[in-house]
Amino acid sequence: MAIESALLKLIAKMLAPRFTLYKALSMATANALKDQLTINGFTGDFYIGDNNGSGIVCCESETDNDNDLICSGTDNCPNVANPNQEDADNDDIGDVCDADTVYGTISGYVQEGVSLNIDAYSCGTGETVATMTTNAEGYYAFGGLENGKYGIYPQNANYIFSPTVVALEIPQTNIQPYDFTASEIHSISGTVTGDVQEGVSVSIYRNECGSNTLLDTVTTDSNGNYTFTSILKGAYTVTPIKTGYTFSPANQSVTVSSADKTGVDFTAVATVQPFMPIAICEDSILSDGQYDCNIGRVFNDNTDTARWTNFEGCGGAVNSSDVSRLIDCDAGANPDPIGLGGGIATTNGIISTASHRVHDCFFGDGTEPPRILEWTLPVIECDSAPTCGVVVGTVNVDIVWITESIDPAFYNAPTELWSADGEALLWQYADNGTNGEARWADFVVYFNLQDVVGGAAPYSSKSIYFKPSCDDVDFK
Ligand SMILES: [Ca+2]
Ligand SMILES: [Ca+2]
Ligand SMILES: [Ca+2]
Ligand SMILES: [Ca+2]
């Protein structure tokens with residue numbers, strides 16, 4: 001018996017380092033082995049533990065200091081529980097004990113199949129030296145690392161990780177796991193259609209605890225499409241913005257749960273500016289290529305300073321009744337938004353009925369002293385045929401005078417002009433009596449009104465004298 005016992009102890013010791021054999025034992029086999037050892041006279045202690053369905057046997061001479069069910073004699077890290085005995089660099093030192101090894105676990109929304117990079121840092125720049133993929137338990141390890149500084153980070157477009165990156169140094173003085181938590185992310189996408197597609201700013205706000213926090217802003221592409229990526233589960237508001245447009249709906253509430261959100265769409269509607277049916281030629285508000293609000297011009301002297309328009313597209317017919325109908329002294333009356341880059345039908349020269357109506361806008365019933373009219377007008381290129389102008393912007397102009405009929409004696413030449421709000425007297429001729437021609441000459445000099453070749457603006461019939469506003473201009 002003593003010999004058999006000693007023999008079995010010897011067998012047990014021979015088996016002891018062969019961890020793989022023990023690990024392969026099922027609970028039933030481990031118990032059977034214990035029974036057989038007992039029958040054969042082994043009187044020592046047995047340790048039988050359940051390690052994920054596998055039985056394991058330690059003999060009395062062995063301990064399991066870290067209770068990881070791996071006998072200390074075979075445990076590749078005897079004092080730190082590592083039941084799976086991972087050893088990334090196969091140097092028989094378990095990852096959890098190995099100073100040149102980095103290990104950890106991905107937990108949270110995903111475990112298996114997450115790629116992690118480890119970058120070596122030198123002189124402030126990082127270079128990826130290895131990539132690993134987590135196993136079914138989310139475990140990863142990089143072994144056999146050279147001494148130095150490293151950063152490690154998971155990479156997966158469908159999740160975000162906390163932390164995003166960890167920094168460490170090899171050799172590790174305090175060997176520890178570097179764990180990450182994965183959270184599910186989704187996208188929110190949609191399309192802007194309508195009067196504009198490209199270049200719309202779309203912002204997403206996170207709704208939390210009763211407040212909205214701006215998370216991100218993206219810009220629509222040429223097809224009006226936008227996408228927010230990396231959106232965690234939660235409640236959001238999506239809002240499009242572009243100057244000159246309103247959107248329907250103005251914003252949308254989106255709740256992200258388990259899927260990407262598509263079709264968060266908006267329709268853009270251009271803000272209709274109240275334009276009078278007069279298009280300013282670009283060259284008449286530029287001086288040496290720059291916007292110049294110091295030079296006034298005259299329209300209807302049959303030159304390219306401005307043109308009448310009925311806002312139809314190029315090719316449309318501009319007739320006097322159309323244009324006259326569109327004159328609204330207060331707001332203008334273009335029926336549709338003006339599209340930058342688009343063409344509008346124009347005509348040069350005098351339209352008597354239209355001139356008469358704008359004259360009435362300026363002078364009203366004649367009981368109030370004349371004051372500046374402030375109009376916003378489209379700006380067009382006038383170097384093409386006079387029947388078509390390409391819209392390149394808008395401009396605010398101050399209408400400083402309008403003439404109606406032929407007035408050879410300058411009888412109706414201005415004597416005074418007030419600001420648009422009627423508060424300030426801008427110009428007044430000291431001797432407002434008889435000499436209309438002198439008044440006009442003074443007026444033209446004061447407001448620097450010029451014809452297209454730089455001469456003093458003529459006192460002609462059915463003419464509109466305007467100055468670009470010094471406040472603002474909106475060019476393409
Ligand atoms: Ca152990
Ligand atoms: Ca261990
Ligand atoms: Ca190792
Ligand atoms: Ca090692």
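Guide: A residue counts as buried if 20 or more other C-beta atoms lie within 10 Å of its own, as exposed if 12 or fewer do, and as partly exposed in between, with C-beta atoms placed from the backbone. What you see is a predicted model, where local features need pLDDT of at least 70, side-chain atom pairs count only at pLDDT 80 or more, and totals for chains, interfaces and linings use all residues. Residues are numbered from 1 along each chain as its sequence is written, while chains are lettered from A and ligands numbered from 1 in the order in which they are written.

Visitor: How many helices and strands are there in the protein chain?
Guide: Helices (H or I, at least four residues) and strands (E, at least two) are DSSP runs, numbered from the N terminus. Going by that, the protein chain has 6 helices and 29 strands.

Visitor: Which residues of strand 18 are buried?
Guide: Strand 18 spans 278–281. Both of its faces are covered. One side has I278 and I280, and the other has A279 and C281. So, by the cut-off of 20 or more, the buried ones are I278, I280, A279 and C281.

Visitor: In strand 24, which residue is the bridge partner of I280?
Guide: Two strands pair if DSSP finds at least two bridges between them. Strand 18 and strand 24 (residues 373–381) pair in the parallel sense over 2 bridges. On the strand 24 side, I280 has as its bridge partner V379.

Visitor: Is E282 buried or exposed?
Guide: E282 sits in the loop between strand 18 and strand 19 (286–287). Leaving aside neighbours within four places in sequence, E282 is in contact (C-beta atoms, placed from the backbone, within 7 Å) with V379, I380, E381, C382 and V392. Because E282 has 22 C-beta neighbours inside 10 Å, E282 counts as buried.

Visitor: What distance separates the C-alpha atoms of A88 and A141?
Guide: A88 belongs to the loop between strand 2 (54–59) and strand 3 (102–108), and A88 is buried because 22 C-beta neighbours lie inside 10 Å. A88 touches several residues beyond four places away in sequence, among them A141 and F142. Along the chain, A88 and A141 are 53 residues apart, yet their C-alpha atoms are separated by 6.1 Å.

Visitor: Is G199 buried or exposed?
Guide: Look in the loop between strand 10 (180–194) and strand 11 to find G199. Not counting residues up to four places away in sequence, G199 touches T219, T220 and K242. With 12 C-beta neighbours inside 10 Å, G199 counts as exposed.

Visitor: In strand 12, which residue is the bridge partner of N207?
Guide: Strand 11 (residues 201–208) joins strand 12 in the antiparallel sense over 8 bridges. Follow N207 across to strand 12 and its bridge partner is N212.

Methods: Contact = placed C-beta atoms within 7 Å.
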